[in-house]
Amino acid sequence: MNSKADSRIISPPVDYGAVPDARGRFGPYGGRFVAETLISALDDLQALYLKLKDDPSFQQAFDKDLAHYVGRPSPVYHAERWSKQLGGAQIYLKREDLNHTGAHKINNTVGQALLAKFMGKPRVIAETGAGQHGVATATIAARFGMECQVFMGEEDVQRQSLNVYRMKLLGAEVIPVKSGSRTLKDAMNEALRDWVTNVDNTFYIIGTVAGPAPYPQLVRDFQSVIGREARQQMIDRTGRLPDALVACVGGGSNAIGLFHPMLEDSTVAMYGVEAGGFGLETGKHAAPLSDGRPGVLHGNRTYLMEDEGGQIIETHSISAGLDYPGVGPEHSWLKDLGRVNYVAVNDDEAMDAFRTLTQIEGIMPALETSHALAYAAKLATTMDKDQSIMVNLSGRGDKDILTVAELDGITL
Amino acid sequence: MSRIKATLANLKNTNRKAIIPYIVAGDPEPGATVDLMHALVDAGADIIELGVPFSDPMAEGPVIQLAHERALAHHVSLTHVLQMVSLFRETDQQTPVVLMGYANPIEAMSYVAFAQQAANAGVDGVLTVDMPPEEIGELGSLLIEQDIDSILLISPTTSPDRIEKICAKASGYIYYVSLKGVTGAGHLNVTEVAAQVDLIRQCTSLPICVGFGIKDAASAKSVAGIADGVVVGSVLVSNIAAAAEQQLPGDLNVKVLGEVVAKLVKDISVGANSVE
Ligand SMILES: Cc1ncc(COP(=O)(O)O)c(C=O)c1O
């Protein structure tokens, strides 16, 4: 019998805290689709994480680093001029751009590096697209005295040369990946290949809520500090919860970090903004939730951009950090449940938002983040002045200056 | 009795090791594959592992990655691979064919359709690299229903508990991955392989075939002393690529490629069967 089809049967409330299950599943999504060699490493990681998750001394060490190394809590800023210009809802920005290294990525790398330390692994590896996660990993590796290698698609090495040099200054080795489409997905393939080879001494620090279980869960948990802080900050500031949350979605870590602690707050609407590239109708984008279908890649089942035969297709986004054909499995589940609305914003809309925020508020956002801002601007105009939207300002735009200059026809 | 079971039982009775070459379907071009399969059989292959091209072959080293890319440049899909097997079956009803690939092309086709079409094409076994026993459940049952063996991997990092669990689910043969690494890696340690193969033997009477890191008669010989068969991939694939590169583009002489792989398979067969 199909209970879903019968509207007389009221489905029980979803327990958002109960996922993933023991197999790492979020409904039909997630899991552990990796080669056998990695299973024991994932088992060890999962066992350790489940133990440390509720261990006060681990939590204390994590909180201490978040406070004194990352600089948390990050402020919430009321973008008054911009809100007034738009003439709709009040827009608040959760300032993850003010974190050490300039993005939300560091929250997760601090957590995973602590796990690596507990496991006694002297070497860490990471994949990176925009280079923000690579920089955050190189940073924490420098601090813990760990050897660090970062895999980065050859195309991204060129697009994000500033971050490549930052990683080198921090003592990490950046390995350009020449296989496949030479972007983030290929960097992740190469990191997985390295991990299979060096599994005894290496900890793989995955940069988003994707990959095989337990990564989607532990990255979510480490990033949830964003939403926990934001929820309380909004109550303190405005006396109530925001009416809507907006975050950009590459793999989905900054979005799940903001959303997860408020999933049970049914009055809070949520919008995950994917990269629409040249437009969904052109097929040249990076929006698997808006225009893809479920499949298996990089260790989990999730929405993907693929052709009819199940080959992963090349994506396009102006922002390297969103240029990925998959998405974290929890987002796939939240999409199917209808709890979060997933939408897409094109390259040029994101560029407009980048310029607007820079000029009206004096805050230069990352191009990834600019996608969330562009959607928030549209949403705000459909809402009342006494309503509020919280946008996750996931990172700052310094790393993107060369890209923007190039669009303006300027060589620096 | 399944073709795989019959073949391996027959080899055991005659005291020979299974020689299992791996090539990527559609590499260097789609028209070459069926001829290459026949050439492999003529040279002494007992089972053929046919790689199904995938855009993100995360367990492969550089040599086999490039083969997947060459095949995909010709848009070779899982459907095409099944057509190649059908074509091969028109003249060879004996040699077992095992498809080795990744989950997503099968997901895209749907498990039910794949199991049925694979059976129709004459596929004997399926090995999906990124589907460990925890994830293979539904696909595994559908394959078994069609009398297709679900071949599972065991690796150097597989714990004794897991070995037991995997042996209980596997059929056809156990594919033992001889090293921590990707295909084509060179750091094979025979003592370590022997210890793990011993553990596997305590859990199953299925034949154990060893792959990854076998590249010539000597390495085949060292592994054949402890295993029932050897899988050879990267060295075949790299030689196919090198031979193809020496030919005129658009005018591939498949016979020459066949001679190249035949020589390699014969060498490896001599090595594997020279164990006292
Ligand atoms: C500033 C910023 N925001 C967002 C992202 C996208 O990642 P995620 O969706 O995991 O938050 C990146 C990735 O590089 C980033 O640098």
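S155(B) is placed in the loop of chain B between β6 (152–154) and α8 (160–169), where helices (H or I, at least four residues) and strands (E, at least two) are DSSP runs numbered from the N terminus. The model is predicted: local features need pLDDT of at least 70, side-chain atom pairs count only at pLDDT 80 or more, and totals for chains, interfaces and linings use all residues. Residues are numbered from 1 along each chain as its sequence is written, chains are lettered from A and ligands numbered from 1 in the order in which they are written, and side-chain values use heavy atoms, with hydrogens and water left out.

With a relative accessible area of 0%, S155(B) is buried (buried means under 20% relative accessible area, exposed over 50%, partly exposed in between; 1.4 Å probe, protein chains only). Its side chain makes a polar contact of 2.8 Å with the side chain of T157(B); such a contact is a pair of N or O atoms within 3.5 Å, where within protein one must be able to donate a hydrogen and the other to accept it, and residues adjacent in sequence count only if both atoms are side-chain atoms. Not counting residues up to four places away in sequence, S155(B) touches E36(A), T37(A), Y176(B), V177(B) and Q196(B) (contact means heavy atoms within 4.5 Å).

E36(A) also belongs to a network of salt bridges with E134(B), R162(B) and K165(B), a salt bridge being a side-chain nitrogen of Lys or Arg within 4 Å of a carboxyl oxygen of Asp or Glu. Over all chains, 34 salt bridges are found. One of them joins the side chains of E135(B) and R23(A) (3.6 Å, N to O). This pair crosses between chains, from helix α7 (residues 133–145) of chain B to the segment before β1 (25–26) of chain A. E135(B) is buried at 7% relative accessible area, whereas R23(A), at 45%, counts as partly exposed. E135(B) also meets R25(A) in a salt bridge (2.3 Å, N to O). That pair likewise runs between chains, from helix α7 of chain B to strand β1 of chain A. R25(A) counts as buried, at 10% relative accessibility.

Just after α5(A), G145(A) takes a positive phi of about 65°.
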